[in-house]
Amino acid sequence: MKGVIPKCLGELIVSKFGKDNWKKILKESGLSENTLFMAVQDIDDAAVMKVVETTCRILNITLIQAADAFGEYWVCEFAPKIYSGYYKNKTTTKDFLLAMDAVHQKTTINMAGARPPRFEYEWKSDNTLIMHYKSHRGLIDFLVGLVKGVVKYFKEKHIVTKISDTKVQIVFK
Ligand code: HEM
């Protein structure tokens, strides 16, 4: 997985829980406490998941809480700084989510080794969208956290529910 993901996680933990906790998490994940993740660097998926698991253990939070915190931080704080172009001309959760399949293809086109998730969009009714998640990584809880982050970013109130390991439902209010 691209280093941009653990880089964002590190920034979130340092800002909300302090540098010492982040150092401890790195060390207990078998990495140097001074590890710096570079955005386009390839990191073994298992190593990233180990850091996520250690984060949950040390901060005493569940994977779902970690995924929700990550999703909110990525969408509301981290991505607007480094990927501001993708926020231009998007004024609603719906516009933003519907652009995400193309955004992942575009962002990673020049990143060697990237295997971004793909999304398919199925409208069950006028206000109910199913996002089909296609990835070998099985990070559905992160998808849910990220979608909730988008809802928060646009200050809307839609209902986001995981309905299987490959599907997230969004009911637009
Ligand atoms: C401007 C906003 C965004 C950008 C630029 C972006 C970019 C990226 C990049 C570069 C990766 C790593 C891909 C790889 O290592 O192959 C990634 C992973 C991921 N992104 Fe995004 N992302 C954005 C927002 C979102 C949103 C809003 C969602 C959900 C609706 C999302 C869902 C995911 C998931 C679930 C992964 C984990 C990798 C996987 O499941 O295979 N992203 N994203």
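Predicted model: local features only at pLDDT ≥ 70, side-chain atom pairs only at ≥ 80, totals over all residues.

Student: What makes β1 and β2 a pair?

Tutor: Strands are DSSP runs of E with at least two residues, helices are runs of H or I with at least four, and both are numbered from the N terminus. Two strands pair if DSSP finds at least two bridges between them. Strand β1 (residues 118–125) and β2 have 7 bridges, so they count as paired, in the antiparallel sense. One example is glutamate 122, whose bridge partner in β2 is isoleucine 130. The two strands are joined by a hairpin through 2 residues.

Student: How do you know that β2 pairs with β4?

Tutor: There are 5 bridges between β2 and strand β4 (residues 167–171), and the two run antiparallel. Leucine 129 stands opposite isoleucine 170 in β4, and histidine 132 has lysine 167 as its bridge partner in β4.

Student: Which strand pairs with β4 through a hairpin of 2 residues?

Tutor: A hairpin through 2 residues joins β3 to β4. These strands pair in the antiparallel sense over 5 bridges, and threonine 161 has glutamine 169 as its bridge partner in β4.

Student: Why are β1 and β3 said to stand at the edges?

Tutor: The open sheet has 4 strands in the order β1-β2-β4-β3, with antiparallel pairing. β1 and β3 (159–164) each have a single partner strand, so one side of each is left without a neighbour in the sheet. Neighbouring strands are turned by 25 degrees against each other on average, direction ignored.

Student: Why is β2 described as largely enclosed?

Tutor: Buried means under 20% relative accessible area, exposed means over 50%, and partly exposed lies in between (1.4 Å probe, protein chains only). In β2 (residues 128–134), 6 of the 7 residues are buried, so the rest of the structure largely encloses this strand.

Student: Why is arginine 57 called exposed?

Tutor: Its relative accessibility is 52%, and exposed means over 50%, so arginine 57 counts as exposed. Arginine 57 is found in helix α3 (residues 45–59).

Student: What is the span of helix α5, and what is expected?

Tutor: The expected span is 1.5 Å times one less than the number of residues. Helix α5 (residues 93–108) has 16 residues and reaches 22 Å from its first C-alpha to its last, close to the 22 Å expected. There is also a kink of about 45 degrees, centred on methionine 100; the bend at a residue is the angle between axes fitted to the seven residues ending there and the seven starting there.

Student: What covers the buried residues of α5?

Tutor: Contact means heavy atoms within 4.5 Å. The cover includes β1, β2, α6 (140–153) and β4. Among the buried residues of α5 are Phe96, Leu97 and Met100.

Notes
Residues numbered from 1 in each chain as written. Heavy atoms only, no water. Axes fitted to C-alpha atoms, helices over the stretch in contact; angles between N-to-C directions.
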